[in-house]
Amino acid sequence: MIAARALSKRYGDRRVFRDVSVELEAGGLLLVTGANGSGKTTLLRILARLAAPSTGTLELPARETIGYLGHEPLVYRELTALENLTLFARLYRVERERVGMLLERFGLWDVRNQRVSTYSRGMQQRLGLCRTLLHDPALLVLDEPANALDAPGLELLDGVFAEGRTTIVATHEPERVEPFATRRLAFA
Amino acid sequence: MRYAQDTWALARKDLLLELRAKETLPSMLLFIIAAFTVFHFAIPHGTGVVAARGLLWSALVFTALLGLTRAFVAEREQGMFDALVLAPCDRSAIWLGKTVAVLCFLAAAEVVALPAFSIFFTGLDGRTVAAVALADLGIAAVGTLFGAMAVAGRARELMLPLLFLPMAIPIVVGGVGRYLWFLALYDAIFALLAWASFEYVVAET
């Protein structure tokens, strides 16, 4: 269960948003939409425990049970896919078998020993999804997860949504996520 | 045990990144050798040993600053702090891993720089080498903390020298005077402070 009540966020004199409340049941998917600069990313960072709200209350799972994918895939570009996932597997105490399983699932096994800097943006996004799912998070927070993904990549993303994990997604293309959404939040 | 494993995994990552990118260490080496060369021609012959030591410590501090400026480049450009702070490792392990990596870069640069100093200026005794080793600990500990603080701010290129250089003055004083006890005390106090305060540097805002 995710609950956020009367959230607001300010950076100095600039108000990003105010009085936002969100509730999401376990296994539900919250679809967040809105124009550029409306505060979607800031809200997602707050719900991923990466930023604190200026006011309001939050009920969120523990930090280490959250999987976050931002605008960047959050992987080291000069490391290989295998090295990136092995690093995070060590930090999360995840078995190495899961690294291989995710690389295979997201079609990156054959390029696992190539540096991420040689990957296309879509491949980097797939790797970002692998990193996000590595520790089998209780809550997924995905900011524009469809960025740069090709058709097979988008199908893989649909598979992630269909897993029934508690998920929060911000996107400019809500049509793809809509069939999985159980709650909606639209920023003006 | 887990803390040590996390620290090593993070330090290993930084060493691997440098091995691949080869950006930090070559710049540090080039800078310190160039600085010694300039000092060699700028300073008149017969300059005293203490003055020469002053040049050594000035060059070391600015070389370290160059390395520290690049210490968090990957985290800044690729947004990696977000991924690291969500991991269940102690946040101070992020600082310690980075400090170990910075220490390795400094040591590697000095393996070349100290013999070069002996050639350009005057020979180095064991006490000076010990002072450099102790100073490296303090520089890496304090500099890594300030490097992380600078990454979070706006004028980061300006912020790091502004934070780091005043804190490096005691290191230069201790280094030129070869006060080993003073450098060891500096290391102990500021490494502890940096270790304890890193949590707040990367805390959510």
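Hi everyone, let's start with one pair of residues: Leu31(A) sits opposite Arg184(A) in strand S8(A). Strands here are DSSP runs of E, at least two residues long, and helices are runs of H or I of at least four, both numbered from the N terminus.

Before going on, a word on the model. It is a predicted one, where local features need pLDDT of at least 70 and side-chain atom pairs count only at pLDDT 80 or more, while totals for chains, interfaces and linings use all residues. Residues are numbered from 1 along each chain as its sequence is written, with chains lettered from A and ligands numbered from 1 in the order in which they are written.

Back to the strands. S3(A) and S8(A) pair in parallel over four bridges; pairing means that DSSP finds at least two bridges between two strands. S3, residues 29–33 of chain A, also runs parallel to S7, residues 166–170 of chain A, and four bridges join them. On that side, Leu29(A) faces Thr167(A), and Val32(A) faces Ala170(A).

Is S3(A) enclosed or open? Largely enclosed by the rest of the structure, because four of its five residues are buried, meaning that 20 or more other C-beta atoms, placed from the backbone, lie within 10 Å of a residue's own.

Now Leu47(A). Beyond its neighbours within four places in sequence, Leu47(A) contacts Ile2(A), Ala4(A), Leu60(A), Val141(A) and Ile168(A); contact means C-beta atoms, placed from the backbone, within 7 Å. Leu47(A) is also among the residues with the most contacts inside the largest nonpolar core, which has 108 residues. Such a core is a set of buried Ala, Val, Leu, Ile, Met, Phe, Trp, Tyr and Cys residues joined through C-beta atoms within 7 Å. Helix H7 of chain B, residues 126–152, gives the most to this core, with 14 residues.

Finally, the two chains together: 20 residues of chain B contact 22 residues of chain A. H1(B) brings the largest share of chain B's side, eight residues. Thanks, everyone!

Technical notes:
A residue is buried if 20 or more other C-beta atoms lie within 10 Å of its own, exposed if 12 or fewer, and partly exposed in between; C-beta atoms are placed from the backbone.
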